[in-house]
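Me: I would like to learn how to read the features of a structure like this one. Please show it, then take the features in turn.

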Amino acid sequence: MSHQDQKPQIEYSQHDTTPSNIESQQTPASIKPTSTEHKTQEPAQRKGPESFDRHYSQIFAGRWPKLLESLQHEGIHQELGHPLCKSYYLDPSSAEAAGALDIRPGMRVLDMCAAPGGKSVAILHKFLSIYPEGAFNLTLNERSAARRSRLQRVITSSIPDWSRSTIRITSHDARKWGLHEQNTYDVILLDTPCSSERHLVQEPKTLSEWSPKRSARIALDAYAMLAAALTALRPGGILLYLTCALSPLENDGVIAKALQRRGSEFEILAPPELHGSELSKHGCLVLPDRAGGRGPLFAALLNKCVVR
Ligand SMILES: C[S@@+](CC[C@H](N)C(=O)[O-])C[C@H]1O[C@@H](n2cnc3c(N)ncnc32)[C@H](O)[C@@H]1O
């Protein structure tokens with residue numbers, strides 16, 4: 001029996017929550033108010049915690065109350081440790097997903113949105129545990145200067161100084177990466193800025209400003225980054241797309257758009273085996289209500305085709 005057969009499949013409400021055309025979509029079809037609601041509802045009512053609650057209960061239906069409760073708890077953390085280094089703590093599904101990448105000596109690897117650095121540390125520790133004497137080329141990119149400084153500190157304190165791998169830290173806009181480097185990397189990790197609903201429900205100020213448009217905007221940027229990553233990947237290379245979002249627009253929706261626009265350039269592989277994950281249309285999801293507090297995490301694995 002394959003990995004796909006054994007996994008539970010994520011179930012959303014009856015609406016199709018993975019529209020392929022997220023570009024023109026301000027509000028997912030599933031939560032568009034009926035015409036009478038639309039007329040009577042003031043714009044202010046489409047913002048804030050009630051709107052957030054309504055939006056996600058339409059996506060997750062009866063599952064939403066328990067899922068919301070699990071998001072309100074502090075997430076669980078796994079210690080990434082290496083002798084003589086400071087430990088780094090991150091969500092176990094994030095560590096598992098990054099560690100699932102098969103990185104071998106000599107490869108060129110890009111972590112496109114790297115700060116504060118948890119998944120980069122997971123990649124480096126996994127590599128060192130398999131190839132203590134080996135080396136690869138790792139580019140860590142982060143646009144924000146403040147977060148880049150933190151990334152630098154995390155890498156300096158959590159990676160042993162005898163590691164032979166070459167690490168370069170860059171400051172580019174990930175959406176434009178493909179203009180500068182094409183067909184270059186063996187492996188790309190794209191962990192996009194996302195709705196991060198777990199943080200959102202714990203931040204009343206941000207939640208008070210929330211509206212469904214927010215996720216649609218984030219999904220546009222995520223698609224631009226994914227398109228740039230596909231260009232930067234060498235033929236045969238592997239791209240791991242991750243978010244910590246619940247919003248299907250930012251998860252399967254972004255992959256669906258890539259399939260629609262650039263589907264001849266890549267194939268979708270089976271997602272990484274993650275503890276407690278559920279299969280989605282194009283990847284898998286780890287959700288804290290059914291994964292012992294882990295996640296949220298969405299993962300999709302893409303393979304760039306070799307042109308013959
Ligand atoms: C989800 S976080 C990455 C977390 C990181 N992978 C880790 O495991 O610690 C996304 C990061 O992308 C950065 N970012 C946002 N927009 C960006 C852009 N256009 N180009 C590059 N980085 C960007 C954010 O500042 C943020 O640090």
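**Reading the chain**

Reply: The chain has twelve helices and eleven strands, where helices (H or I, at least four residues) and strands (E, at least two) are DSSP runs numbered from the N terminus. This is a predicted model: local features need pLDDT of at least 70, side-chain atom pairs count only at pLDDT 80 or more, and totals for chains, interfaces and linings use all residues. Residues are numbered from 1 along each chain as its sequence is written.

Me: What percentage of the residues in the chain is buried?

Reply: A residue is buried if 20 or more other C-beta atoms lie within 10 Å of its own, exposed if 12 or fewer, and partly exposed in between, with C-beta atoms placed from the backbone. Here buried residues make up 44% of the 308 residues. Helix 5 (residues 92–99) is largely enclosed by the rest of the structure, because seven of its eight residues are buried. Among them are Pro 92, Ser 93, Glu 96 and Ala 98.

Me: How many of the contacts in the chain join residues 24 or more positions apart?

Reply: Two residues are in contact if their C-beta atoms, placed from the backbone, lie within 7 Å. Of the contacts with a separation of 6 or more, 79% are between residues 24 or more positions apart.

Me: At what angle do helix 11 and helix 12 pack?

Reply: Two packed helices are described by the angle between their axes and the distance between the axes. Axes are lines fitted to C-alpha atoms, for helices over the stretch in contact, and angles run from 0 to 180 degrees between N-to-C directions. Helix 11 (residues 212–232) and helix 12 (residues 252–262) pack at about 50°, with their axes 9 Å apart. The two helices are therefore oblique to each other; angles under 35 degrees count as roughly parallel, over 145 as roughly antiparallel, 65 to 115 as roughly perpendicular and the rest as oblique.

Me: Which residues of helix 11 and helix 12 meet?

Reply: From helix 11, Ala 219, Ala 222, Tyr 223, Leu 226, Ala 227 and Leu 230 meet Gly 253, Val 254, Lys 257, Ala 258 and Arg 262 of helix 12. By class, this contact has eight nonpolar, one polar and two charged residues. Ala, Val, Leu, Ile, Met, Phe, Trp, Tyr, Cys and Pro count as nonpolar, Asp, Glu, Lys and Arg as charged, and the others, Gly among them, as polar.

Me: Which residues are closest to the ligand?

Reply: A residue is near a molecule if its C-beta atom, placed from the backbone, lies within 6 Å of it. The ligand is surrounded by 17 residues, the closest being Cys 113, Lys 119, Arg 143, Ala 174 and Asp 191. This shell divides into six nonpolar, four polar and seven charged residues.

Me: Is Ala 61, with its positive phi, buried or partly exposed?

Reply: Ala 61 has phi near 50°, although this residue is not a glycine. Ala 61 sits in the loop between helix 3 (48–60) and helix 4 (64–72). With 13 other C-beta atoms within 10 Å, Ala 61 is partly exposed.
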